[in-house]
Amino acid sequence: MATVDLNGSCLCGVVHYHATGEVLRFTHCHCSRCRKVSGTGHATNLILTEATVDWTKGADVVRHYRLPEARHFASCFCGQCGSTLPRFATERGIAVIPAGSLDQDPGIKPGVHIFWGSRAPWSCPADGLPAFAEYP
């Protein structure tokens, strides 16, 4: 896959970050947890390996929440405006970059829908992308 070099920020502009890494996947995730954390029908995330995420502004405002009963779910967000921000899943060796937090076009497009089996019936169509009931 591609190597990316990206900048992003939160809604209020207090937090800014710089992320680099190899794109493992670019997904639309329809699981109920991603729907809850994003407030939408799916979360669109870049999954990076060999990644670095540097908080270039506002690191002291970044908050983390790990869902206690979940094996692989946590969120990172701005403590001031609540915007979702990148997080590391160290147990899997990846960084999860919420595409909506990016300040520029990453130059690639999502390639798959995951957790399609959990999709809200009112959510967007597959648009010709492969759709997997859970992980591919």
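1. Three strands form an open sheet in the order β4-β5-β6, with antiparallel pairing; two strands count as paired if DSSP finds at least two bridges between them. The edges are β4 (62-66) and β6 (84-85), each of which pairs on one side only. Strands (E, at least two residues) and helices (H or I, at least four) are DSSP runs numbered from the N terminus.

2. This is a predicted model, in which local features need pLDDT of at least 70 and side-chain atom pairs count only at pLDDT 80 or more, while totals for chains, interfaces and linings use all residues. Residues are numbered from 1 along each chain as its sequence is written, and side-chain values use heavy atoms, with hydrogens and water left out.

3. Strand β5 (residues 74-78) pairs with β4 in the antiparallel sense over 5 bridges. Ser75 in β5 is the bridge partner of Tyr65.

4. Thr40 sits in the loop between α1 (32-38) and β3 (43-57). Its relative accessible area is 37%, so Thr40 is partly exposed (between buried, under 20%, and exposed, over 50%; 1.4 Å probe, protein chains only).

5. Leaving aside residues up to four places away in sequence, Thr40 touches Arg35 and Trp122 (contact: heavy atoms within 4.5 Å).

6. The side chains of Thr40 and Ser38 are joined by a polar contact of 2.8 Å (a pair of N or O atoms within 3.5 Å; within protein, one must be able to donate a hydrogen and the other to accept it, and residues adjacent in sequence count only if both atoms are side-chain atoms). A polar atom of the Thr40 side chain also lies 2.6 Å from the backbone oxygen of His42.

7. Thr40 and Glu50 are 10 residues apart along the chain, and their C-alpha atoms are separated by 29 Å.
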